[in-house]
Amino acid sequence: MSLSRHASIYWTGFAVIVGLLILAPLVLPEFWRRFLTEILIWGLLAMSSDILIGYTGMVSFGHSAFFGLGMYGAAAALLTVKPPNLWLAIVYGLAGSAAVALFVAYFSTRLRDIYFAITTLIFSQIFYVIIFTWTEVTGGENGLAFSRPGFGIPGVWTTPFTSTTLHWFVLAVVAASYLLLRRLTQSPFGMVLQSIRENEARTRAIGYPVERYKMMAVMLSGLFAGLAGVLYALQNRFAAPDFVYFVVSGEVVIFNVMGGIGTLVGPIVGAAFFLGLREGLSRLFPYLATTFNLPYLAEFPYLVPVGIIFIAMVIFMPQGLLGFAKRWLNR
Amino acid sequence: MTEPLAPAQPLVSVEGVHTYYGKSHILNGVSLKVGRGEVVGLLGRNGVGKSTTLKTIMGLINASAGRILYEGQSITGLPSHKLARIGIAYVPEDRRIFRLLTVMENLRTGLDRNGVSEAQKKQLLEKLFVYFPRLAERRNQAGGTLSGGEQQMLAIGRAMMLEPKIVLLDEPTEGLMPRMVSQIREIIQVLHKDGVAILLVEQNVPLTLAASQRIYFMEKGAVQHHAAASELSLDHPIIHKYLGV
Amino acid sequence: MVDIPWDIIIIQTVNGIVTGMILALVASGLTLIFGIMDVVNFAHGELFMLGAYMGVVTLAATGSFWLALVVATLIIAALGAALQVATLRPLLGRDPLYTILATFGISLVLQNYALWQFGPVARKIQEPFSGQFTLFYLQYPWYRILIAGLSAAMIGGLYLFLKYGRYGVWIRATTQDRVMAQAMGIPVPWVHTGVFAMGAGMAAASGVLFGPLVGVNHAMGLDWVLKAFIVVVVGGMGNLGGSIAASIFISLLEAYASIWVSPSQAIIVSSVVLILTLLFRPTGLFVPTPK
């Protein structure tokens with residue numbers, strides 16, 4: 001298939017999906033509208049993680065820190081500056097996550113694989129503890145609640161978000177991020193990252209300053225993760241330490257693996273799959289419990305079957321759903 | 001390739017084995033046979049695949065085509081630890097003794113098997129120490145502290161502890177002094193006398209000619225020629241063809 | 001602070017050593033698994049937690065703490081073996097990323113299963129004996145000293161097993177040269193299973209021993225696995241002696257720190273140690289500098 005036909009199929013597909021996502025909130029009930037928006041936000045977070053895992057070959061369990069600081073940064077802007085300013089929230093959030101990313105990048109990019117993974121995990125826990133215990137600033141355990149800013153230019157003209165218009169805003173941000181990240185991963189910069197993933201020693205031997213590239217990858221990843229955090233804050237109007245806990249990072253990695261690492265789109269699919277499974281199973285078990293009169297089944301944690309599915313996918317479908325689909329389509 | 005000299009019921013039979021390393025085709029249809037108690041030499045220039053052949057027989061490398069038979073049964077694809085248990089021992093090119101284990105512990109990795117009584121183990125050790133008194137002296141020293149020649153003795157001794165039916169010897173004299181080379185030759189004779197078969201990969205042509213009954217010549221990843229050792233001499237044209245510069 | 005509160009310091013030293021020994025027991029299992037199999041066992045904390053729960057259940061059924069300790073260790077060791085065969089053996093030879101993910105998945109499953117099975121309310125394990133001695137102004141329980149002693153004994157037993165036992169030689173040979181070990185007839189896949197089971201058993205024993213000191217609940221593993229990871233990195237991956245030294249070192253630091261800050265903030269102390277180690281001695285604080 002020629003390259004231009006490939007590209008036109010791709011862009012058609014892209015347009016169709018975006019079109020569907022634009023129309024969706026108009027036909028879906030409120031709950032599912034918000035669900036879809038959440039999938040997009042988590043998808044963005046997972047996409048940011050893919051830059052590290054899929055393209056640079058660095059497994060990070062620290063994304064909860066970037067995400068959380070984006071959230072709290074936005075919260076800071078919305079609570080301290082009146083009138084609540086959407087753009088300022090984004091800026092503060094990005095600044096917060098950038099600071100964390102810089103910290104993580106500086107200490108961890110010299111480490112290889114496992115050490116890096118463990119260190120990012122520990123760092124995210126450090127931030128969790130700081131946020132959890134510094135109650136005066138961060139609200140501690142209870143987090144921070146704030147009101148959603150309107151869209152527009154504060155002081156000149158703003159209009160409040162509805163769940164539909166917020167969905168469109170999130171969709172625009174996520175789609176733009178995707179396109180930007182796609183551009184970056186296909187650029188010379190992205191090629192170097194992939195070369196680092198393939199064979200770090202050789203990349204260094206050729207003369208590339210590997211550490212610097214890794215740091216840039218972490219910064220990039222952290223920024224988009226922080227952006228996801230800002231969007232989440234906007235959607236839910238609160239920031240809580242739970243989101244900085246390392247389990248969130250773990251779930252992000254699950255989205256990546258389930259969807260397919262190194263594909264950028266895969267993580268969004270993975271997020272959708274995981275969240276869909278969660279919703280489905282959370283309804284299935286209480287239903288089974290009442291239908292078959294097995295009361296203890298009602299509370300059965302969705303993470304047990306989801307976890308088992310995840311482990312099975314790691315063993316049998318490591319290329320993820322997207323990789324699997326690709327292979328199936330190529331037959 | 002017909003093999004009029006090869007034994008009718010070989011102990012080990014390699015048939016048309018191919019292996020790859022990434023995209024490189026290393027073994028290109030290797031076939032050879034080793035009979036019970038036979039010493040068979042495998043000669044060829046560097047890089048033709050001699051070591052790879054031994055490693056494939058030992059299950060350290062997977063054959064992508066062809067098969068390997070041991071006592072008539074297919075052993076292709078079996079894991080190495082099973083092969084060691086049924087009587088195939090491997091002495092690698094760089095000795096690869098366990099450097100942080102003592103000499104005794106190295107020997108014990110071969111000695112500690114099911115079905116061997118303590119008395120039998122003692123006997124095996126004593127027999128070994130007769131041939132390698134230096135190992136007895138150094139029995140509680142860490143393997144890594146031994147000299148090159150002693151490590152070679154340990155590697156062979158460790159293999160002998162398995163009471164194998166065939167030993168795959170990969171360049172045992174590499175880097176050794178002439179005095180040690182004759183010791184290696186003696187050990188090969190001892191093993192042969194005990195009825196143990198040996199597949200010997202070597203660069204040392206005189207040793208190989210003296211110790212082996214038959215010799216295979218490899219080139220480009222396959223066995224190209226086969227002769228009885230008695231027919232060959234150092235200046236034989238075949239030697240120049242497959243080993244000459 | 002001019003007046004040095006010696007009594008508090010000594011009490012905290014004792015506390016630090018007690019916690020340090022338990023941490024050492026947990027961390028040794030982790031470092032053993034990593035050193036021999038190159039597997040980062042994320043589920044180690046959950047094995048600790050399930051061990052504690054098995055202890056609760058056995059104790060309730062039999063009334064004997066010691067029986068509970070033994071039974072819990074054996075059951076979780078068996079669970080560990082089963083998990084390794086089912087999920088880690090298929091991953092042998094693949095990118096180490098996948099074993100991290102697989103063990104992470106296992107930790108999620110085990111943790112949530114425990115939450116569902118046992119509920120969110122913490123359970124208690126009764127100490128096998130009460131009895132205290134006076135340490136300054138405190139009545140210090142003998143049980144805590146016992147824990148430290150037992151942990152030390154178990155670690156000592158592990159060391160002796162590795163050094164002198166027949167299977168100890170197998171394990172050490174496998175660690176040094178997996179390929180040659182197999183060529184010598186050592187069944188390496190089973191060595192890996194055995195080592196994982198041993199690590200799991202050690203984690204479970206730690207859980208039961210530690211149970212009486214805190215409540216047993218489904219989330220207790222998380223803190224421990226984090227600290228154990230810090231210990232393993234600071235002590236040197238795969239270095240048993242280093243892990244023990246690092247466990248005591250970090251626990252002592254945290255014990256002293258909690259004189260002034262709350263215990264949950266004390267983890268920052270360990271994290272600082274980790275950061276410094278990573279900056280200046282990435283192979284481990286207690287490992288001789290590689291030449």
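**View 1. Strands E9 and E10 of chain B form a hairpin.** E9(B) and strand E10 (residues 222-228) of chain B are antiparallel partners, joined by six bridges. The model is predicted; local features require pLDDT of at least 70, side-chain atom pairs count only at pLDDT 80 or more, and totals for chains, interfaces and linings use all residues. Residues are numbered from 1 along each chain as its sequence is written, while chains are lettered from A and ligands numbered from 1 in the order in which they are written. Strands (E, at least two residues) and helices (H or I, at least four) are DSSP runs, numbered from the N terminus. Two strands pair if DSSP finds at least two bridges between them. Met218(B) faces Val223(B) of E10(B) across the pairing. Two residues lie between the strands of the hairpin, and Lys220(B) has a positive phi near 50°.

**View 2. Strand E9 of chain B also pairs with strand E3.** Strand E3 (residues 39-43) of chain B runs parallel to E9(B), with four bridges between them. Gly41(B) sits opposite Ile215(B) of E9(B). Strand E9 (residues 214-219) has five of its six residues buried, so the rest of the structure largely encloses it. Buried means 20 or more other C-beta atoms within 10 Å of the residue's own; exposed means 12 or fewer, and partly exposed lies in between, with C-beta atoms placed from the backbone.

**View 3. An open antiparallel sheet in chain B has four strands.** The strand order is E2-E1-E4-E5. Strand E2 (24-34) and strand E5 (73-74) of chain B are the edges; each has a single partner strand, so one side of each lacks a neighbour in the sheet. Strand E1 (residues 12-21) of chain B meets E2(B) through eight bridges, in the antiparallel sense. Val12(B) has Val34(B) in E2(B) as its bridge partner.

**View 4. Leu168(B) belongs to the largest nonpolar core.** Such a core is a set of buried Ala, Val, Leu, Ile, Met, Phe, Trp, Tyr and Cys residues joined through C-beta atoms within 7 Å. The largest holds 259 residues; Ile166(B), Leu168(B), Ile198(B) and Ala204(C) touch the most other members. Beyond its neighbours within four places in sequence, Leu168(B) contacts residues including Leu54(B), Ile57(B), Ile88(B), Val91(B) and Leu199(B). Contact requires C-beta atoms, placed from the backbone, within 7 Å.

**View 5. Helices H7 and H10 of chain A pack together.** H7 (residues 163-186) and H10 (residues 210-236) have axes 11 Å apart, at an angle of about 175°. That makes the two helices, H7(A) and H10(A), roughly antiparallel. H7(A) contributes residues including Val170(A) and Val173(A), and H10(A) residues including Phe224(A) and Leu227(A). The contact comprises eight nonpolar, two polar and no charged residues. Ala, Val, Leu, Ile, Met, Phe, Trp, Tyr, Cys and Pro count as nonpolar; Asp, Glu, Lys and Arg as charged; the others, Gly among them, as polar. Axes are lines fitted to C-alpha atoms, for helices over the stretch in contact, and angles run from 0 to 180 degrees between N-to-C directions. Under 35 degrees is roughly parallel, over 145 roughly antiparallel, 65 to 115 roughly perpendicular, and the rest oblique.

**View 6. Helices H3 and H5 of chain A cross at roughly 30°.** The axes of H3 (residues 63-80) and H5(A) come within 8 Å. H3(A) is thus roughly parallel to H5(A). Ser64(A), Ala65(A), Gly68(A) and Tyr72(A) of H3(A) meet Phe123(A), Ser124(A), Phe127(A) and Ile131(A) of H5(A). Five of these residues are nonpolar, three polar and none charged.

**View 7. Chain A touches chain C.** Of the two pairs of chains in contact, A and C share the most contacts. Chain A gives 29 residues and chain C gives 33. On the chain A side, helix H5 (113-133), helix H11 (246-259) and helix H13 (303-316) each give two or more residues. H5(A) has the largest share, 11 residues. This side of chain A has 22 nonpolar, five polar and two charged residues.

**View 8. Chain B touches chain C.** Here 21 residues come from chain B and 16 residues from chain C. Helix H2 (80-86) and helix H3 (103-111) of chain B each supply at least two of the chain B residues. The chain B side holds nine nonpolar, four polar and eight charged residues. Chains A and B do not touch; 15 Å separates their nearest C-alpha atoms.
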